[in-house]
Each structure stands twice: as C-alpha cells, then as structure tokens.
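Good morning. Please have the sequence and the model open while I talk.

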Amino acid sequence: MIKFFRKIRQRLLSENKFSKYLIYAIGEIILVVIGILIALQINNWNTDKINQSESNEFNQRLLNEFVGNLDLANTKIDKIESMINSSKGILELFNKTPTDSNSRTLDSLLAIAMEGVKVEFRTGTLNEGLNTGKVALIESELLKNKIYGLTSNIDYVREWDKTYSGYLSNILMPFLYKNFNFRNMDNAFSKYSTGESKFKNNRHKALLDNEEFENLIGNHYFQSNSQLEFHTNLKNEIEEIKKLIEIELKK
C-alpha cells in the first residue's frame, strides 16, 4: 500500500503536475490523520472496556464485603441493645426493695451489660480500592463520594468503641472487682464455671444501695445509647452504599 502511494507521488512529480500532487499530498495527510484518530478511538474503547471490566469485578467484591458488614452491623446493634436493656434493668433494681431474687437478677443483667462489642468490620476490599485507585473507576460520582467518606466514619465508630471499652476496663470493672462477686455470676452464666463462692450474694444487696454504682451504671447506659446511635448511622450508610453498588452493577 505504501509503495502504491509512493508511485502515485513520483508519477505526479515527473509529469510536473504540482497542483494535483499538492491536493494528493493533503488528501494523504488527511487519510493518515483519520487512521490515527481511528486507532486512538479503538485504543480508548479497549481501555474503557478493560476499565469497565475491572470496575465491575471490584464492585462485585465490594458488594460482597458490604453485605457481610451489614450482618456484622446488625450483630453489633443487637449486642448494644441488649447492653442498654440490661443497664436499664439494673437501674430499675435500685428502686426496688433488695431481695435474693434481685441479687440473682443483678448477676444476669451484669453478665450481659459487660459483654462489650468486639465485632470488627471487614475493609480489605474497600482499602484495596482506595489504595490502588479502583474506586476512581466507578462511574457514579455519588457512589464514589460515599465510599471516600466511609472510612472516616468507620474510624470514628471504632474510636467510640475504644472509648466505651476503656470505660468498661478502666472504670466500671475495677469498681466491680472490689464490690461484686464474679465467681457467683460465672457459676450461674458462664460455660467456665468454677463453682459457688462462699461469699454468696450478700454483697449484691450492698451494691444496690451504693450511689457510686448507680452513677457508673447510669453512665454505662448513656454511653451505650450513644454507641447505638453511631452504629445505627454507620449501618444505614453501609446499606445506602450497598444499594448504589447494586445500581452500578446493573448498568
């Protein structure tokens, strides 16, 4: 093909047909430019196709991760609600006449209230997308912005969980070690029972007449409610992103 065009140019020059040669040369340049543009378009199309394939594969893995995190969020919320109900139940015991029955109820409520929330969200695929730029391949600007903002919200909830855990470990538990019989509680509610304590439940009645303990449980109640609010908001955000990913995958 190149030899063919070269022969045409040589023939036009040898015949001194410069104007025709000039028109031909311009036409040849236009053909070359069109060829380059077509090649670039094909290359762009192939690149877009590859990016779309990578984006869909990433979105599917991200969707799977978010579905799992929704289950974890529901587990966390259920635990926090149980802790709130237990704390409220303990506070109600302060307004009742101390009895052996109340002492046993205190054991069961404390066992639930002190469980804590240890479930951790999975963010492997999310972090991969942020670190490798795969999130940038997502077409939806709304979805991208939601994903970019999610990590800071997860970190915020994690910090709040640490604050609650610190309160439990450093304030409430040390008080209970001095004023509460864990062995009797473990004997009744733990699978690692060590038998009954000789001290029985006589200290439980004193706890329900202790203002410091009431304040500690009241603080535990309000902290748990704040924790529930943060986790519920995060769950709702994860659920919204999940729906946006599903829409993206249907395109």
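Predicted model: local features only at pLDDT ≥ 70, side-chain atom pairs only at ≥ 80, totals over all residues.

Residues are numbered from 1 along each chain as its sequence is written, and side-chain values use heavy atoms, with hydrogens and water left out.

Start with helix α5, residues 141–179. Helices here are DSSP runs of H or I, at least four residues, numbered from the N terminus. α5 has 39 residues and spans 56 Å from first C-alpha to last, close to the 57 Å expected at 1.5 Å a residue; the expected span is 1.5 Å times one less than the number of residues. At Met173 the helix bends by about 35 degrees, and Pro174 follows within four residues. The bend is the angle between axes fitted to the seven residues ending at a residue and the seven starting there.

Now the rings. How is a pair of aromatic rings described? By the distance of the centres and the angle of the planes. Rings of Phe, Tyr and Trp (its six-membered ring) pair if their centres lie within 6.5 Å; planes under 30 degrees apart are stacked, over 60 edge-to-face, and the rest tilted. The structure holds seven aromatic pairs. In one of them, Phe175 and Phe213 have centres 5.9 Å apart and planes at 10 degrees, so this pair is stacked. Phe175 is in α5 and Phe213 in helix α8, so the pair ties together parts 38 residues apart in sequence.

Are these two buried or exposed? Buried means under 20% relative accessible area, exposed over 50%, and partly exposed in between, with a 1.4 Å probe and protein chains only. Phe175 is buried at 8%, and Phe213 is buried at 0%. Ring pairs also link Phe94 with Phe175 and Phe213 in a cluster.

Last, salt bridges: a side-chain nitrogen of Lys or Arg within 4 Å of a carboxyl oxygen of Asp or Glu. There are ten in the structure. Lys162 is exposed at 55%, whereas Glu159 is partly exposed at 45%.

Methods: Helix = DSSP H or I, 4+ residues; strand = E, 2+ residues; numbered from the N terminus.
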